[in-house]
Amino acid sequence: MGLRRFIQASYFQCARTSGILKHVRYKPPSLVQWRYSGSSLYKAVIFDMGGVLLPSPYRVAVEWEVRNCIPPGTIKQALISGGENRPWMRYMRGELTSAEFLQEFGHQCSEIVSQANLSVPVDSFLSDLTSSQMSKQLPIMTEALECIRAEGLKTAVLSNNFYLHSGVSFLPLDRSQFDVIESCREGICKPDPRIYTLCLERLGVQPKESIFLDDIGQNLKAAAQLGIKTVKVDDPEAALKELESCLGFPLQGFVPHTRLVRPTMEIPKDPLQKYLEEVLGGWTTGPLILRQFSHGQSNPTYYIKFGDRHLVLRKKPPGNLLPTAHAVEREAIPNSGWPVTEIPLFQFCHSSIIGTPFYLMEYCSGHIYKDVSLPGLDPGQRRAIYMAMNKVLCKIHRVDLKAAGLEDYGKHGNYVQRQVQTWTKQYRATETHTIPTMERLIEWLPLHLPGNQKTTVVHGDFRLDNLIFHPEGPEVLAVLDWELSTLGDPISDVAYNCMAHYMPSDLDILKGLKDCDVTELGIPTAEEYFQMYCEHMGIPPIENWNFYMAFSFFRVAAILQGVYKRSLTGQASSAAAESSGKQVELMANLAWDFATKEGFRVFKECSAAKPLARPYSTWTRNGAFSRRNYVTMAPSSPAHISKAHLILSPDGLPGRAQDLYHKLRRFMEIHIYPAEQVLRVHQVSQSRWTPHPLIEELKDKAKSEGLWNLFLPVESDPEVKYGAGLTNQEFSHLCELMGTSLFAPEIFNCSPPDTGNMEVLVRYGTEEQKERWLQPLLDGKIRSCFAMTEPQVASSDATNIESSVVEEKGFYILNGHKWWISGALDPRCQLCVFMGKTDPEAQRHKQQSMLLVPMDTPGITVTRPLSVFGEEDPPAGHGEIFFENVRVPKENILLGPGRGFEIAQGRLGPGRIHHCMRLVGYSERALALMKERVTSRVAFGKPLAEQGTILEDIAKSRAEIEQARLLVLKAALLMDTAGNKAAALEIAMIKMVAPLMALRVIDRAIQAFGAAGLSNDYPLAQFFAWARALRLADGPDEVHRTAVAKLELKR
């Protein structure tokens, strides 16, 4: 079989290589057939620095002594003699500066050579020890490290090290290759067992899972006593041979981004070698070297060295595969007419040779950037890389289909529709469990397909790490992985290419830029990148960009689900495939975020073009609380179940939410309103600081009826593990109803500050934190408080807080003075979410951290309850608290140091308008009580209801309540459809409007009641006090007005 070359290869053909990175000449270690299972006993290799990775300092000392005519062994004697307090050991523990060390070490050396009457220039020795010659890592160790890391093992440097004159430690190594443990930083030296234990903890491995290489016997002995496997390094080559035998794979002949072939991906070498001998004829001699590329998640790809030929083999995975998946035959189809680097392509081969179809290509020398943030490059270089990528994508999309013979490469038209159907089928075929967000996307995407779709060649998987760049500049040599290529909508390629901008940088499989400052890095934003594409293509920007992003993330979620399913059956081509299961839900959530933004865009366009016609009337009945009944559209209308439409009436709620509303209303009427007077009397009794047993009794009853934890929005709890799965808009109607009684929210476990704290734990808590604190809060067994406000500073600006959080030996030490800590006096309060400063020198919004503090921790003192208009609000109260040297374990921190402000903003998610929802409830109840009062009282010969001023007040109150409710519902709708950030204007407006509206409505009701309205016999006085307090507690009016004005000026 002869070699078939296609001289006019295209980007298409280049793409069909999987050869990646720079061409490396391979020296075969031996003819031993290494078989590494990937499940070695060992998970980490720990290296000493001097004498292992770098030349031995003792060798330097010998050579230096000869040059300086110093008696042999002087330096070594000074280094090892004098016990733990000798200058060298103190220098390595960081107890001496370099100047102090040289003075003491010079004196020690002079004493050793005192009989020779010599001066020892120890500063010259230290210069030699840290010279550039000594700073060069041994090449064989460098290659061994690359091989170790390629097989997925962790690596660390454990070094007795020292600080230089500049104040930095002497570590001439690439820190990104290691976890680094230095004695001068830790204050502990080898062979102290503590430094080995610290190293193991940093690596997250057990002693028996580790191998330690050192050239000093006592250091090895201490490691061995802990159970660590040790290798003595007298001769580096011999030591590496011993290390190879321990690990079970070779430590030389490294090929970048490759590893030993994984057991489930092995290829029968004999028939492959026979095939290559036939194809290559007499060109090759020597053994066949076969390694697997670690890059990629779909079709397994292999590096082959056969004689002097460097090749790439790409094949289908073994086993049963999904129909139309893993189409290597599409990648191997030669096409002409696209000018690019010449890369020969071998004939596509069927499964008779190695068991699966495959093709071969020449190994392409170049560079692949796997990290989209492009570390190591300057901003100008990064921008040039992204511009080159953008231009290549435009070249692909400009290909003349007829001239390139690609008119039949795929179907014309309806590409996105077919893709949604295809990936839905693929997802269903690999589904391992129900993911609610994927279910919503599968329903949403077909309803929002783009209309006019242009048809071009589309790559289908166009991203930075599928490009081979010239090693010396931003020139694309080849585009890889054309398995998903076809004819389709080019915008889908651009959107897919921009996904990295919206993904976090710490993902296992797909790295992102979400938490990077792309402007500072020199990388175009997603918007700039798309604008760049439009300019290169000469087309206008599109309006439905959010749809394409939603579709892209949905497709990735479906792909990752397939990768995960293959990992369960041993068919995955990447060792990291198992972690893809964790990423599916993240991708689906990102897709849904864009879907809701697109839904809101469509909603705004519809509203602008054709305002919603929703005539409604309001009627009330006499009783404890009047029910609302708006006559809107027919109940069968989809508007009642769509997140993109206002639901003005409880009767317009979806079935399950509507059932909850009616059950809640019945519960209020039967159990809560009749109990209010008893509970109000208890609040002014001697036992007021003890919860009334009736509250706990009603809580149990509410829980048994399913009226429990209704507040958690579906966006925070998509699997409905903790709450009721309601949207913000649906909960608005229920929360308003709860707001008609001050006691109701607690009875349904929907009262602050517990709601905000529970949402923080759901969003940001570890599994251990959730188990200890979230579950008891969800069960209503404990209560909590939130400690942020401080008397010394204006706490409306959270960055002003002064309470300190200092790390100390596995603990955080808290000191601070807090007040207005709601719930702190409740005997059931067992948790305090504390906000303090961990790093006052950090950026303004990175200084604060949040910690979970048990209320029984020593050092917490609740000094007094603070009163609101003379009322102490028992049994929860609003406490003043001192935190004095309060010690909490490090694992009690939320999310990590410096993330407190971020959490505080997240805590103000859906909860940020709960108070406004309840204020509408206060007002409805106040108006209902007012109407009942004025129809039963007579003054000046006629009922109060016939007095002109009373009629005027009722009319004003009704109008103001309706206005505020509509704004609450609009804010909730925007939070559901566009996200909290997009709803910032409406949120600020309703927080500005609702308290003032409630104050006016309640004040009119009090006026109608006369003196009785001020008493404890009715809820009006408490309603009024709370409404006034919320003008501060929910953020000062001035802050909200300023926010509204600034946002308005930007419109």
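What is the handedness of the crossing of H31 and H32, left-handed or right-handed? The crossing is left-handed, and the legends below place it among other views of the chain.

This is a predicted model, in which local features need pLDDT of at least 70 and side-chain atom pairs count only at pLDDT 80 or more, while totals for chains, interfaces and linings use all residues. Residues are numbered from 1 along each chain as its sequence is written, and side-chain values use heavy atoms, with hydrogens and water left out.

**View 1. Overview of the chain.** The chain contains 34 helices and 23 strands; helices (H or I, at least four residues) and strands (E, at least two) are DSSP runs, numbered from the N terminus. Of its 1051 residues, 55% are buried, where buried means under 20% relative accessible area, exposed over 50%, and partly exposed in between (1.4 Å probe, protein chains only). Among contacts between residues at least 6 apart in sequence, 72% join residues at least 24 apart; contact means heavy atoms within 4.5 Å.

**View 2. Helices H31 and H32.** The axes of H31 (residues 948-977) and H32 come within 9 Å and cross at roughly 155°. Axes are lines fitted to C-alpha atoms, for helices over the stretch in contact, and angles run from 0 to 180 degrees between N-to-C directions. The crossing angle therefore makes H31 roughly antiparallel to H32, given that angles under 35 degrees count as roughly parallel, over 145 as roughly antiparallel, 65 to 115 as roughly perpendicular and the rest as oblique. A crossing is left-handed if the near helix is turned anticlockwise from the far one by less than a right angle, and right-handed if clockwise. By class, the contact of H31 with H32 comprises 15 nonpolar, 1 polar and 7 charged residues. For this count, Ala, Val, Leu, Ile, Met, Phe, Trp, Tyr, Cys and Pro are nonpolar, Asp, Glu, Lys and Arg are charged, and the others, Gly among them, are polar.

**View 3. Helices H30 and H32.** H30 (residues 914-936) packs with H32 at an angle of about 20°, the axes being 9 Å apart. The two helices are therefore roughly parallel to each other, and the crossing of H30 and H32 is left-handed. Residues of H30 in the contact include Leu919, Tyr922 and Met930, and those of H32 include Ile990, Val1001 and Phe1009. The contact of H30 with H32 divides into 18 nonpolar, 1 polar and 3 charged residues.

**View 4. The largest nonpolar core.** This core has 95 residues, and those with the most contacts inside it are Leu710, Phe731, Leu734, Ile747 and Phe748. A nonpolar core is a set of buried Ala, Val, Leu, Ile, Met, Phe, Trp, Tyr and Cys residues joined through side-chain atoms within 4.5 Å. Helix H32 (residues 984-1009) gives the most to this core, with 12 residues. Not counting residues up to four places away in sequence, Phe731 touches Leu710, Phe711, Leu726, Met738, His914 and Met917.

**View 5. Helices H14 and H19.** The axes of H14 (residues 379-398) and H19 (residues 526-537) come within 10 Å and cross at roughly 45°. H14 is therefore oblique to H19, and H14 passes H19 in a right-handed crossing. The contact includes Arg383, Tyr386 and His397 of H14, and Glu528, Tyr533 and Met537 of H19. By class, the contact of H14 with H19 has 9 nonpolar, 3 polar and 4 charged residues.

View 6. Thr755 lies in helix H27 (residues 754-764) and counts as buried because its relative accessibility is 7%. Thr755 touches Phe711, Asn749 and Cys750, not counting residues up to four places away in sequence. Asn709 is 46 residues from Thr755 in sequence and 8.5 Å away in space, C-alpha to C-alpha. In the loop between helix H26 (744-747) and H27 is Pro753, which a cis peptide bond joins to Pro752, with omega about 0°.

**View 7. Residues with positive phi.** Although not a glycine, Cys69 has a positive phi of about 55°. Cys69 lies in the loop between helix H2 (57-67) and helix H3 (74-80) and, at 61% relative accessibility, counts as exposed. Trp820, also not a glycine, has a positive phi of about 55°. Trp820 lies in strand S17 (residues 811-822) and is partly exposed, with a relative accessible area of 35%.
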